[in-house]
2 protein chains.
Amino acid sequence: MNKEITIDSIMQLGLGFWASKTLLSAIEMGLFTELGKGPLGYETLKERLNLHPRSARDFLDALVSLGMLERNGSNYSNTAETDLFLDKTKPSYIGGVLEMCNARLYTFWGTLTEGLRTGEPQNEAKTGGNLFDFVYGDPARLRQFLSAMTGLSMGIGIALAKKFPWKEYRSFVDVGAAQGGVPVQIALAHEHLTGANFDLPVVGPIFDEYVASFGLSNRLRFQGGDFFNDPLPAADVIIMGHILHDWNMEEKRMLIKKAYEAVPSGGAFVVFEAIIDDERRKNSFGLLMSLNMMIETRGGFDYTGADCCSWMRDAGFRHLRVEHLAGPDSMVVGIK
Amino acid sequence: MNKEITIDSIMQLGLGFWASKTLLSAIEMGLFTELGKGPLGYETLKERLNLHPRSARDFLDALVSLGMLERNGSNYSNTAETDLFLDKTKPSYIGGVLEMCNARLYTFWGTLTEGLRTGEPQNEAKTGGNLFDFVYGDPARLRQFLSAMTGLSMGIGIALAKKFPWKEYRSFVDVGAAQGGVPVQIALAHEHLTGANFDLPVVGPIFDEYVASFGLSNRLRFQGGDFFNDPLPAADVIIMGHILHDWNMEEKRMLIKKAYEAVPSGGAFVVFEAIIDDERRKNSFGLLMSLNMMIETRGGFDYTGADCCSWMRDAGFRHLRVEHLAGPDSMVVGIK
């Protein structure tokens, strides 16, 4: 046996669900929200979270070892990251997405093998529901979900505001912008721009409230609609972020065509997503996200920059380019 | 917002179950066994595994990106590691443990939060069964499970054969040695030693067969028994590997006491385990393994080197020391 070949990487990956579920349970229990007010001693924390003594210390110390908590003596506290992003009382909370993973996706991924064999979704669709009913059906859940999406898109919005040549344009429409995390960052950075969020009507009040909190209501408006039944509102730039991957090939091409129709000659179409590297060797997150689209949708899938460029070229866009934004996300840009 | 603080590490950990379950499904489907005979083209592999075309490429390329497969053109092949350890036809196969994770633990960890709140196991025990019934109840499953344990213990056995001063002793008993992976490595390295496996009688034939395959039947024998009801067989050195963590405090102390009674004055007791670092800050695997003991057992838990030394000292052992063996495992050694 070659000494260099060890089982460690295999075991670490195969047992990776232990560490993952430990963090998801911590979020579910509100651990980081309890610690958002300051460090707590072991006994107090155990009581607040209603933890049984048997595994309480192992649970907390496992989170220390995973870099999600700090421990000083027997006082536990949040790290800078978990304090900012996992304390429910802070506007920067992104735990909603991980709460959703804990409540839904962890179980649905349990039948990944069935999904790989049938190509069928493994979520509520198996019993007649769908993801969007789950998210849009309950107002409180919708608000939290949209807020989580904002947290996840924040870094992307900041990067997109910097990296796209906004000076050459006057207006944009962000299609399916949800709470408005991305349009707000763009509008904050570029005072000459006006923008809109084209999304399902139920999202309107949540968007309007968020935009007003930044004093941007005069430049950012909501336009309710459904991109399957309606044309997209006209603008110099159309943005679609984390939208195309939800849909099948035909629907993707239909949406790209609508974007082409909505911009003037010289206008731009910006797609951002966890774009897979063209060699399909590096961006694990994008490839696994595509499997997640199989779990969650009837026909959705993620794609490479080259894939997206070719679809956009077919629709008439020119000067295509791919540029990294933040984390696993890149943008694909085309000009009409 | 501090630019240095990103959500990436949180999202990577929280969504870690995607990558983990992808590997577990690949093992379940026998992907690495198919590729054990040599590289296969995409179409052939898809057909052999009965993969639906929708996500087949994403699944395989995700495994490439995770370092579990290689791809040359459109031919997929095993890496050196996955070829050695995840091809079922090779004696080095360790996939049995991960098959067990896929079939049982992934789901049981889904109710981690309940376990943390109640301190109760989350496995078959919830419906009246137990892990050992599951493993020992079916001969084929038992054989595969014990073989997987051997694979996992191989590196530890090799390290233990090197790092313990075996020249000072003539005999050893490995308590719960299963198929005998560790005793075989020790006996291969030290011709003057005789050893025994003290384990449940059902394990006997599987141990004898494995030992015979190395021509060691004259030096390694099986002794059937139950460490709750029987004393341990006498020997210069008693070994317990991955045993103590299955049991509660009282049971741990009882087992350590039985080890003390089984060795002569000057004899040694060697415990190996995914020993947690004394500061409980670094060995995530050991801490998560302890949570796994909560999921799997009524009272089991993992522990630090200092914990183990103190229990062994209480039982009468002296000259206590902790030494790293391989991967996450260390040994704790005490002398009577």
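**Close-ups of a predicted two-chain model**

**View 1. The second largest pocket and what lines it.** Of the 22 residues lining the second largest pocket, Pro91(B), Ser92(B), Ser147(B), Gln179(B) and Tyr210(B) are the ones nearest its centre. In chain B, α6 (80-85), α10 (139-163) and α12 (204-212) are the elements that hand over two or more lining residues, and α10(B) gives the most, with 6 residues. Helices here are DSSP runs of H or I with at least four residues, numbered from the N terminus. A pocket is an open set of points on a 1 Å grid over the protein atoms alone, where a 1.4 Å probe fits, with protein on both sides within 12 Å along at least five of seven lines; lining residues have an atom within 4 Å of a point.

This is a predicted model, with local features needing pLDDT of at least 70 and side-chain atom pairs pLDDT 80 or more, while totals for chains, interfaces and linings use all residues. Side-chain values use heavy atoms, with hydrogens and water left out; residues are numbered from 1 along each chain as its sequence is written, and chains are lettered from A and ligands numbered from 1 in the order written.

**View 2. Where chain B meets chain A.** Chain B and chain A each bring 84 residues to the contact, meaning heavy atoms within 4.5 Å. About 7,700 Å² is buried between them, 67% of it from carbon and sulfur atoms; that is accessible area (1.4 Å probe) lost on putting the two parts together, summed over both. There are 4 salt bridges between the chains, each a side-chain nitrogen of Lys or Arg within 4 Å of a carboxyl oxygen of Asp or Glu. Asp61(A) and Arg280(B) meet in a salt bridge at 2.7 Å, N to O. On the side of chain B that touches chain A, α2(B) has the largest share, 11 residues, and the class tally there is 43 nonpolar, 24 polar and 17 charged.

**View 3. A salt bridge inside chain A.** Glu114(A) pairs with Lys126(A), closest N and O atoms 3.2 Å apart. Glu114(A) sits in helix α8 (residues 112-118) and Lys126(A) in the loop between α8 and α9 (131-136), so the pair ties together parts 12 residues apart in sequence.

Terms used. Nonpolar A, V, L, I, M, F, W, Y, C, P; charged D, E, K, R; others polar.
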